[in-house]
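Hi everyone, thanks for coming along.

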Amino acid sequence: MRIYNTLTAKKEDFIPVDPGQVRMYSCGITAYDHCHIGHARSAIVFDVMRRYIKYRGYDIKYIRNFTDIDDKIINRAKQEGISWDEVARKYIDEYYRDMDSLGVGRADIEPKATEYIPEMIEIVKGLIDKGYAYEMEGSVYFAVERFADYGKLSKRDLDDMMAGARIEVDERKGNPMDFALWKASKEGEPAWESPWGPGRPGWHIECSAMSLKHLGETFDIHGGGADLIFPHHENEIAQSEAFTGRPFAKYWVHNGFITVDKEKMSKSLGNFFTIKEILGKFDAEAIRFFLLATHYRSPIEFSDEQLREAEISIDRYYTTFLRIRDFMAQDHSVEKAGSDEKTLDELLSRFPDSFREAMDDDFNTALAIGTIFELLRVLNKYLDARPSGQKGVALVTRSRELLKEAGGVLNIFSRTPEDWYRALMAKKAITLSEGEILSRIEERRQAREGRDWAAADRIRKELEEKGIILEDKKDGTGWKVKIS
RNA sequence: GGCGGCGUACCCAAGUGGCUAAGGGAGAGGUCUGCAAAACCUUUAUGCAGCGGUUCAAAUCCGCUCGCCGCCUCCA
């Protein structure tokens with residue numbers, strides 16, 4: 001496997017610190033509002049990395065945190081008139097609701113910042129003892145000049161940073177770039193006891209404390225959105241490496257942004273779409289497919305049109321699965337070859353390698369999806385000749401297994417075609433019930449039997465206007481939801 | 001101002017030195033069909049923002065130009 005490492009700005013061979021064992025940490029959310037599609041991208045990208053690493057035979061321990069204390073949470077609590085911990089709890093629940101629908105699995109450990117206050121205090125104390133941090137009026141700051149490697153992740157030079165150009169300078173700090181490890185709490189704010197008086201942790205320290213506790217001083221993969229590179233991840237490196245004297249994370253991976261009109265989707269610009277809004281119009285699987293159809297480091301322009309195309313792609317997959325099922329159910333007493341049997345056979349032989357090579361190359365899910373659709377095309381062509389017999393059963397069974405395995409790694413294509421159509425009926429607000437559709441199909445069957453094509457076409461047209469497409473096959477009529 | 005990224009067909013999107021430049025959508029033509037739909041076939045980039053250069057060989061490396069974006073403040 002090769003992974004692009006932000007730290008070295010190169011794709012590198014992936015060699016875990018401990019052979020066969022992977023330790024991965026990704027930065028989760030600050031629980032103060034509903035998640036938008038950008039949060040979904042990050043969560044899905046790391047979910048797929050985790051699944052693929054496991055698929056490749058590694059034992060993986062995956063941690064994803066929640067920031068449950070922070071200025072934004074405190075402000076939100078004031079707005080909503082509830083306590084800060086109620087805000088955090090509420091939005092963590094909402095997070096799970098969103099992620100569960102998107103097929104994002106739970107991490108092995110999902111620590112919350114406030115559960116690690118003693119560990120954080122220990123690190124802050126250690127950093128003061130080692131001369132990397134100083135206390136000032138109840139707060140503690142990390143002195144960036146003391147850490148020689150400061151800037152190595154974000155490729156910045158302290159002198160060039162034009163500190164103060166865009167930040168409010170606190171004149172009392174040793175260097176304007178010094179950041180808070182521990183913040184003194186103001187009257188009425190949530191506070192924990194510390195050697196420096198009542199206060200709360202700075203933002204960055206929680207990840208250092210939680211990763212150290214669960215993954216050790218040095219671990220393999222640390223990820224998050226590209227906007228976390230500076231200052232968050234840069235500061236994590238400074239704190240952690242200054243404290244332990246050991247390298248922190250070996251591979252740093254960062255996902256690209258979702259854009260709207262070419263601009264980064266963000267809370268401050270207000271150009272964001274929440275996951276729930278999008279789920280109101282599109283199926284969760286389409287969202288997941290849409291996000292995985294582009295490489296994780298590239299920007300993705302958000303658009304309804306792209307989501308619709310994702311639905312069409314998924315529909316193509318499930319339509320093929322219905323064909324597979326029809327084929328398996330038919331009579332196989334006669335051996336009859338399909339079209340291009342050799343092409344299918346050869347493709348099946350190299351498919352696992354193609355898929356794996358794509359994913360091995362820095363988790364190239366876009367290319368991996370391409371291999372899936374290539375197999376669908378060849379399989380469809382094979383089935384077009386209406387083959388039968390044991391050779392065919394073997395080839396089609398193999399195709400089905402490989403497709404399901406690949407889909408499983410990406411956690412897409414895992415439903416039945418029926419579940420897909422039912423979900424689509426709900427999203428597209430189809431007013432007909434399945435029973436009504438079937439009875440109309442039966443009426444039409446009788447009309448067709450009497451060669452009353454006008455009546456048959458009328459029924460088909462009527463259903464299409466209500467969003468249902470009919471497909472006449474040799475042994476009956478199937479239906480599907482129209483995507484438009 | 002500093003650092004970084006991107007620009008591939010009508011749209012989306014892989015490809016970062018060498019086979020016919022993946023895959024999806026859309027369009028056109030065709031096979032199949034009572035007619036459709038689905039599926040399949042053919043077709044749509046002698047071409048990869050532009051101009052130079054390196055090389056036997058470049059979308060891929062180097063330089064310049066143009067355009068777009070990101071980070072440098074909370075941010076996935």
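**A strand and its rings**

Let me start with one bridge: Ile29 has Phe66, in β4, as its bridge partner. Before going further, this is a predicted model, where local features need pLDDT of at least 70, side-chain atom pairs count only at pLDDT 80 or more, and totals for chains, interfaces and linings use all residues. Residues are numbered from 1 along each chain as its sequence is written, chains are lettered from A and ligands numbered from 1 in the order in which they are written, and side-chain values use heavy atoms, with hydrogens and water left out.

Back to that bridge. Strands β3 and β4 (residues 59-67) run parallel and share eight bridges. Pairing here requires that DSSP finds at least two bridges between two strands. Strands themselves are DSSP runs of E, at least two residues, and helices are runs of H or I, at least four residues, numbered from the N terminus. To get from β3 to β4 the chain passes through helix α1 (residues 37-55), in a right-handed β-α-β crossover. Right-handed means that, with the strands pointing away from the viewer, the path from the first strand over the helix to the second runs clockwise.

β3 also pairs with β9, in parallel, through three bridges. There, Tyr25 stands opposite His222. How enclosed is β3? Eight of its 10 residues are buried, so β3 is largely enclosed by the rest of the structure. Buried is under 20% relative accessible area, exposed is over 50%, and partly exposed is in between, with a 1.4 Å probe and protein chains only.

Now the rings. Rings of Phe, Tyr and Trp (its six-membered ring) pair if their centres lie within 6.5 Å; planes under 30 degrees apart are stacked, over 60 edge-to-face, and the rest tilted. That rule gives 29 aromatic pairs. One of them is Tyr25 with Phe219, tilted, at 6.4 Å centre to centre and 50° between the planes. This pair links distant parts of the chain, from β3 (residues 21-30) to β9 (residues 219-225), 194 residues apart. Tyr25 and Phe219 are both buried.

Compare Phe290 and Phe302: their centres are 6.3 Å apart and their planes at 85°, so this pair is edge-to-face. Phe290 sits in helix α8 (residues 284-292), and Phe302 in the loop between β13 (300-301) and α9 (304-329). Both Phe290 and Phe302 are buried.

Finally, one aromatic cluster is formed by Phe289, Tyr317, Tyr318, Phe321, Phe373, Phe413 and Trp420.
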